[in-house]
Amino acid sequence: MAFGHYYSLCQRYRGRAVEIITHEGSVHRGIIGDVDNSRVYLQPLNRTRDLGGFSYGWYGGYPGFGAGIALGSIATLALLPLFFI
Amino acid sequence: MNYSYLDCLSLFGVGGAHPGGLKLTKTILSREYIDQEKSILDVGCGTGQTSAYIAKKYRCSVTSLDNNPTMLKKATQRFSSLQLPIKVIDGSVEKMPHFDGLFDFILSESVTSFTDVSLTLQEFKRVLKPNGVLLAIEIVLEESLSEEELKTLVDFYGISRLLTVSDWRNLFQKAGFKQISINKYKQPLDDNDIDTSTDFSLSGNIDEKLLEILEKHEHLTKTYKDKLGYYIFRCC
């Protein structure tokens, strides 16, 4: 999908929890903190250490919003239905 | 530092931290007659998402109360950036200021459960007008749990105890509410549009320990999915 599509979607979803899957197949769950012309920056919702065999390679070594995900690498982006009481 | 579930909500700045989110809030309010003359108290207002919605939509008098400094700050920021004339009160629902008979509606969105319920309901009755309405969305114990399971939930969420529907009904009656209508909230299956998705106002860098709490919460939610329910109570 066109780059502009994910840019405007990320703008619209700023402050929301999303799951992004990239073309390489990595999965990122986090809250959209910021978006610029080329990247979207997430506050991760999972700890950096591996949980149940999952590995979020991109988070390794990057605290907080990290290095961001290139908008061009996004394959799918969906809102996460989180539940709070 | 040891964080609690409520710390987690405040540092993540979870807006609409109750089952159903803002969408359910809108539905519940749409069933009431609310004009500009009405006065509404939003207890445990959190980041102020609901209060802001009410003030914009109904243009009535809105008072928002919370006792968490982080939440109060986030709510105040939200209201001033939207230029909404909402009164923000730093206080506890168990012992409110001298608001006797002031409000037409009180909204408690998963707030009363986290307090001493009897005390809080007495306070609600006191600050409501004689025909005032309490609208509450609260957690309910649907099936009996072992002592150990109950302790896990009560300790994690920091609630005094889990109440069944009939416990809630009795407590409402004891506090002087005469008409009590009770509806179960059914979580929609395709719960992923922007109106139901949670809005976050993050406090700077998030400590890994908060992520741990979030994970535990997700785990408990899944484990007790069929044993805990969420109900909408309308009392007057």
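Select Arg59(B), which sits in the loop between α3 and β3 (61-66) of chain B, where helices (H or I, at least four residues) and strands (E, at least two) are DSSP runs numbered from the N terminus. The model is a predicted one, in which local features need pLDDT of at least 70 and side-chain atom pairs count only at pLDDT 80 or more, while totals for chains, interfaces and linings use all residues. Residues are numbered from 1 along each chain as its sequence is written, and chains are lettered from A and ligands numbered from 1 in the order in which they are written.

Just after α3(B), Arg59(B) takes a positive phi of about 50°, although this residue is not a glycine. Arg59(B) counts as partly exposed because 14 C-beta neighbours lie inside 10 Å; on this scale a residue is buried if 20 or more other C-beta atoms lie within 10 Å of its own, exposed if 12 or fewer, and partly exposed in between, with C-beta atoms placed from the backbone.

Next, select Gln83(B), in the loop between α4 (69-81) and β4 (87-90) of chain B. Phi of Gln83(B) is near 55°, again a positive value in a residue other than glycine, and Gln83(B) is exposed, with 7 other C-beta atoms within 10 Å.

Now step back to helix α3 (residues 49-58) of chain B, whose buried residues are Gln49(B), Thr50(B), Ser51(B), Ala52(B), Ile54(B) and Ala55(B).

Then select strand β2 (residues 39-43) of chain B, which is largely enclosed by the rest of the structure because four of its five residues are buried. β2(B) and β3(B) run parallel and are joined by five bridges, two strands being paired if DSSP finds at least two bridges between them; along this pairing, Ile40(B) stands opposite Val62(B) in β3(B). From β2(B) the chain crosses through α3(B) to β3(B) in a right-handed β-α-β crossover, meaning that, with the strands pointing away from the viewer, the path from the first strand over the helix to the second runs clockwise. β2(B) also runs parallel to strand β5 (residues 103-109) of chain B, with four bridges between them, and here Leu41(B) stands opposite Ile106(B) in β5(B).

Finally, show both chains and select their contact, which takes 18 residues from chain A and 26 residues from chain B, two residues being in contact if their C-beta atoms, placed from the backbone, lie within 7 Å. On the side of chain A that touches chain B, β2 (27-35) and β5 (74-79) of chain A each supply at least two residues.
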